[in-house]
Amino acid sequence: VEEAVNLGKTGNIIQRYKELKNLERENKEYELEISFDESAIEDVINEKCLAFDVDPVDATITRENGKFVITDGQTGVGVDVDASIQLVVDSLKEWNKDDTSIDLAVEITQPNATKEDFENVGDLLATFSTSYSSSTSARAANVDNGAKLINGTVVLPEETFSTYETISPFTVDNGYYLAGSYLQGQVVDSLGGGICQVSTTLYNAVLRAELEVTERHNHSMIVGYVDPSADAAIAESAGKDFKFVNITDSPIYIEAITSGRKITFNIYGHETRPSNRTVEYKSVTLTTTEPTGVKYTIDSTLLFGQQKQTQAAHTGYTAKLYKHVYIDGEETEVTEVNYSSYKAEPAYVSVGTSWGDEASIAALTAAVATNDVATVTATIDSLAGVVNQAAALQAQAAAVAAQEAAAQAAGE
């Protein structure tokens, strides 16, 4: 329309005169070119067509009654929006104004795991167990919970497994209890205390399956359920995680079992290692540091002068873990796996101040601040009279409380 309106009105005088004279002899025809609002077409496709997309569904594998059960996956189908916009535009350019339909472009999306991928998962690549028979009920519950959260995990080839991401958050809602854990050289109660035994047990199974460990940290102090340098700590505050990559040609399946206060990890996959090849891991202690002294703290709930050990001393170590490879029983290769350093920590002892007088408590507090065993012992000995008096006062108070309780019971 703009071109028609401006016909004979643009250019020099000769051009304008010629265009007007030509128009007197014959009509001037303009080719109409249809264009489209592609953003509007995109909106229609997004609003009306993407609802029919079908997401791919991975095949699944579970272990039930000692056997693997595999369910098939499903191929995904989704609209290719950009290609479909072009199809609509091209179709409308040839549109004869009659009712029509346009086949949109679609993409076929394969699932990450298919039934065929899992058909080779049946070989036991490695197994490892540790005992938590001496654990408190809360710590044992945390170990059981961590194992339950990992059990049944499938790790695809070249995929990275994060222990922390799998077992966190460390909350009551996620099944955890308060139990002892290491923090800056002390054993303190925290939600999920004991979970490092789960990561450590898995670490040893992963080593024996010869998967690729990409992150591992030792504890700040030595643990008793594996050899030095064979542990793998998890610490949310310190950003410590245990990670590994599945470098095999098939998925791996992690089975976690807790029974009789023993945790076991079995790693299943497709065994491609020669049957005459075996691996063994040996811990070598490099240095040993014995703890010295005692760390004292005041406890107002304990009787004056009474001492109570709240944490045993921990010997310090440096150690290395080595991998030994054997062919037909003959050692052919030794490689260093990791190096670990564990701090030496003295015993922690609480000293009571209950029923002591102000001056005696001040003297005992000053002695405790020295963290010197001889000084603390000598101070308590010098205050033997106060110690005896505190014991007598405590006994007297207990007797009065018992009499009051008996009187109340008789009145009821």
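Me: Which residues have the most contacts inside the largest nonpolar core?
Reply: This is a predicted model, in which local features need pLDDT of at least 70 and side-chain atom pairs count only at pLDDT 80 or more, while totals for chains, interfaces and linings use all residues. Residues are numbered from 1 along each chain as its sequence is written, and side-chain values use heavy atoms, with hydrogens and water left out. A nonpolar core is a set of buried (under 20% relative accessible area, 1.4 Å probe, protein chains only) Ala, Val, Leu, Ile, Met, Phe, Trp, Tyr and Cys residues joined through side-chain atoms within 4.5 Å. The largest such core has 40 residues, and those with the most contacts inside it are Ile150, Leu202, Phe242, Phe244, Ile254, Phe265 and Ile267.

Me: Which element gives the most residues to this core?
Reply: Helices (H or I, at least four residues) and strands (E, at least two) are DSSP runs, numbered from the N terminus. Two or more residues come from each of strand 5 (123-131), helix 6 (137-150), helix 8 (196-209), strand 12 (252-259) and strand 13 (262-269). The largest contribution, eight residues, is that of helix 8.

Me: Where is Glu158, and is Glu158 buried or exposed?
Reply: Most residues other than glycine have a negative phi. Glu158, although not a glycine, has a positive phi of about 70°. Its place is the loop between strand 6 (153-155) and strand 7 (160-162). With a relative accessible area of 72%, where exposed means over 50%, Glu158 is exposed.

Me: What is the relative accessible area of Asp328?
Reply: Asp328 is another residue other than glycine with a positive phi, near 55°. Asp328 is placed in the loop between strand 17 (316-327) and strand 18 (330-342). Asp328 is exposed, and its relative accessible area is 59%.

Me: What is the omega of the peptide bond from Ser168 to Pro169?
Reply: Most peptide bonds are trans. Pro169 is found in the loop between helix 7 (163-167) and strand 8 (178-183). The bond from Ser168 to Pro169 is cis, with omega near 5°.

Me: How far apart are the C-alpha atoms of Ile34 and Val89?
Reply: Ile34 lies in the loop between helix 2 and helix 3. Ile34 and Val89 are 55 residues apart along the chain, and their C-alpha atoms are separated by 9.6 Å.
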